[in-house]
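Let's take a look at a protein chain together. Have the sequence and the 3D view ready, and we'll go through it piece by piece.

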Amino acid sequence: MSGLFNPTVAWITLRGTLSRKRALLFALPAAILILFTVALRLSRPPMRPWPSHVLGTFGFSVLLPLTALIIGTSVLGAEIDDGSIIHLLATPVRRSSVVLTKFAVATGLTMLFAAVPELIAALIAGGGSASSPAGPGNEHLAGLVSISTSKLAIGLFVGALACSVIYNAVFVMVSVATTRAIAVGLLYVLVWEVLLANVVSGVRLLSVSHYGLGIANGFVNDADLQAGLNVPTSIAMGAIVTVLALALAGNLLSSFTLKGEPA
């Protein structure tokens, strides 16, 4: 039980997370995104091209961070809040293993409830608001639209996978650092990711959503994604934030005490 990933802890975490009532909230942002995408697709809005803008802005600034916030603060923060973490910390499992295992579970669940719906929404949306006209000679245009749709869907999916990793590292760290993890995380999402990162260009260097958009843009090269960073910068900054957040979470948990017990 000394490895970095502990299957027993992972199974207990997965079962406990999905059995809580808040697990019903995991699918809510994804359902909203997909239903909104279907509505836009059926209404054929005039703006062009809407899929990149809508799925990039809503998906990476709202869907992904909110889903990761609910899940990332549940896998460890809930145990700290109710005191049940003492039973886990009393076992021979290393605390670094606890953090990494719970982070892995949270990341996997976020990929399932946010990255996969982002892919589904992108496939539903297609390559743009206007469909290619039917008739002879338009087969080539239809093929280009299909390729564009595939690139957008793949790019958004890969970017969403990256965001799932980074966001959960941040929120697992927040759940160890404070008992008000949901409030702190929600404030961070609304003020930093939704507001400042989309208004102040300099903030994007420390914005998880723009790391994902930068990676996604490497596949589709679409200005409407409004990616403020290039692919190498997004990958490098995403890796740095992930490692630092997990290292800080591990250090905080190592100094964590309950009822006067030494860490």
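## A walk around the chain

Helix α2 has 16 residues and reaches 22 Å from its first C-alpha to its last, close to the 22 Å expected at 1.5 Å a residue. That expected span is 1.5 Å times one less than the number of residues in the helix. Helices here are DSSP runs of H or I with at least four residues, strands are runs of E with at least two, and both are numbered from the N terminus.

Before going on, a word on the model: it is predicted, so local features need a pLDDT of at least 70 and side-chain atom pairs count only at pLDDT 80 or more, while totals for chains, interfaces and linings use all residues. Residues are numbered from 1 along each chain as its sequence is written, and side-chain values use heavy atoms, with hydrogens and water left out.

Which residues of α2 are buried? They are Pro29, Ala30, Leu33, Thr37 and Leu40. Because they cover an arc of only 100° around the axis, they sit on the same side of α2. (The arc is taken from the directions from the helix axis to the C-beta atoms.) Here is the background: an α-helix has 3.6 residues a turn, so residues three or four places apart point the same way. On the other side of α2, Leu35 and Leu42 are exposed. "Buried" means under 20% relative accessible area, "exposed" means over 50%, and "partly exposed" is in between, using a 1.4 Å probe and protein chains only. The cover over the buried residues of α2 includes α3 (50–72) and α6.

Now for the outside. Val38, Leu42, Leu112, Val116, Ile120 and Ile124 make up a nonpolar surface patch, with about 480 Å² of accessible area together. Patch members have over 30% relative accessible area and no salt bridge; like charges are joined within 9 Å, and nonpolar side chains (Val, Leu, Ile, Met, Phe, Trp, Tyr) within 5 Å. A salt bridge, in turn, is a side-chain nitrogen of Lys or Arg within 4 Å of a carboxyl oxygen of Asp or Glu. Accessible areas come from the Shrake-Rupley method with a 1.4 Å probe, and for residues only the protein chains shown count as cover. Helices α2 (28–43) and α6 (95–125) each supply at least two patch residues, and α6 gives the largest share, 4 residues.

Val189, by contrast, belongs to helix α8 (residues 181–195) and is buried, at 1% relative accessibility. Leaving aside neighbours within four places in sequence, Val189 is in contact (heavy atoms within 4.5 Å) with Ser61, Pro65, Leu66, Phe171 and Val194. Val189 and Ser207 are 18 residues apart in sequence and 9.8 Å apart in space, C-alpha to C-alpha.

Most residues other than glycine have a negative phi. Asn221 and Gln226 have positive values although neither is a glycine.

| Residue | Phi | Relative accessibility |
|---|---|---|
| Asn221 | about 50° | 67%, exposed |
| Gln226 | near 55° | 42%, partly exposed |

Finally, step back to the whole chain. How many helices and strands does the chain have? There are 10 helices and 0 strands. Of its 263 residues, 47% count as buried. The chain exposes about 12,400 Å², with carbon and sulfur atoms supplying 70% of that.
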